[in-house]
Amino acid sequence: REDEVGDEFLAAHPDFSHVNYTREVLTLGYSYFVTDNFRLYGELGWAFHSEVSEPWEFQFGAEYAPSRPTGPVGAPFFAINGHLRQEINYSGNIALQAGWAWRGQGSQILRTGLHYYNGLSDQYSFYRNFEQQIGAGLWYDF
């Protein structure tokens, strides 16, 4: 369980100051398909209840992915996402993903590729810590 992992971390690092970061948010988002395969989007979030967190956050990005079934051959995909938060002076992070995707008949899509993340942590107890991540993944969106 995740809370036990956190308890173990706190026991192993007694000098770590725990942050009770909480955020309950109303989100308004909009996306626009420039072409069938290319989408731009943005979100505005306002926290009506929070601890540590300030009320405002913004997310925005773009993605290129197949919109129609690809069959076994698949097609390339690319995505970029930015996330800015008020409690860190509208700093935040950027995430990039690129790879190959297979779309089924409905909204399901299987993707494999590379992932890059740079910025302040999205693990909110560590929200002031800078992170850089590089990895590979397999994602299934349904």
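Select Arg111 and Asp141 to begin: their side chains meet in a salt bridge, with N and O 3.1 Å apart. A salt bridge here is a side-chain nitrogen of Lys or Arg within 4 Å of a carboxyl oxygen of Asp or Glu. Arg111 lies in strand 6 (residues 109-120) and Asp141 in strand 7 (residues 130-141), so the pair ties together parts that are 30 residues apart in sequence. Helices (H or I, at least four residues) and strands (E, at least two) are DSSP runs, numbered from the N terminus.

This is a predicted model, in which local features need pLDDT of at least 70 and side-chain atom pairs count only at pLDDT 80 or more, while totals for chains, interfaces and linings use all residues. Residues are numbered from 1 along each chain as its sequence is written, and side-chain values use heavy atoms, leaving out hydrogens and water.

**Around Arg111**

Stay on the first pair and colour by accessibility. Arg111 is buried, with a relative accessible area of 11%, whereas Asp141 counts as partly exposed at 31%. Buried means under 20% relative accessible area, exposed over 50%, and partly exposed in between (1.4 Å probe, protein chains only).

The charged end of Arg111 sits over the ring of Phe77, 5.0 Å from the ring centre. For this term, NZ of Lys or CZ of Arg must be within 6 Å of the ring centre and within 35 degrees of the ring normal.

**Aromatic pairs**

The whole structure holds 5 aromatic pairs. Rings of Phe, Tyr and Trp (its six-membered ring) pair if their centres lie within 6.5 Å; planes under 30 degrees apart count as stacked, over 60 as edge-to-face and the rest as tilted.

Select Phe58 and Tyr90. Their ring centres are 6.0 Å apart and their planes stand at 40°, so the pair is tilted. Phe58 is in strand 3, and Tyr90 is in the loop between strand 4 (75-85) and strand 5 (91-103), 32 residues apart. Phe58 is partly exposed, at 29% relative accessibility, and Tyr90 is also partly exposed, at 37%.

Phe77 lies in strand 4 and Trp139 in strand 7, so the pair ties together parts that are 62 residues apart in sequence. Both residues of this pair, Phe77 and Trp139, are buried.

Next, select Tyr21, Tyr124 and Tyr127, which ring pairs link into a cluster.

The structure holds 5 salt bridges. Among them is the one between Arg23 and Glu57, whose closest N and O atoms are 3.5 Å apart. Arg23 lies in strand 1 and Glu57 in strand 3 (residues 56-64), so this pair ties together parts that are 34 residues apart in sequence.

Is Glu57 buried or exposed? At 13% relative accessibility, Glu57 counts as buried.

Arg85 and Glu87 are the next pair to select, with side chains meeting in a salt bridge of 3.0 Å, N to O. Arg85 and Glu87 are both buried.

**The nonpolar patch**

Switch to a surface view and select Leu26, Leu28, Leu44, Trp46, Phe48, Trp56 and Tyr90. Together these residues form a nonpolar patch on the surface with about 690 Å² of accessible area. Patches are made of residues with over 30% relative accessible area and no salt bridge, joining like charges within 9 Å and nonpolar side chains (Val, Leu, Ile, Met, Phe, Trp, Tyr) within 5 Å. Accessible areas come from the Shrake-Rupley method with a 1.4 Å probe, and for residues only the protein chains shown count as cover.

Which strand gives the most to the nonpolar patch? Strand 2 does, with 3 residues. Strand 1 (22-33) and strand 2 (38-51) each supply at least two. Leu26, in strand 1, is exposed, with a relative accessible area of 52%.

**A loop, then the whole**

Select Ser125, in the loop between strand 6 and strand 7. Ser125 is partly exposed, at 27% relative accessibility. The C-alpha atoms of Ser125 and Gln86 are separated by 16 Å, the two residues being 39 apart along the chain.

Finally, zoom out. The protein has 1 helix and 7 strands, in the order α-β-β-β-β-β-β-β along the sequence. Its C-alpha atoms fill a box of roughly 55 × 30 × 25 Å, taken along the principal axes. Of the 142 residues of the protein, 27% count as buried.
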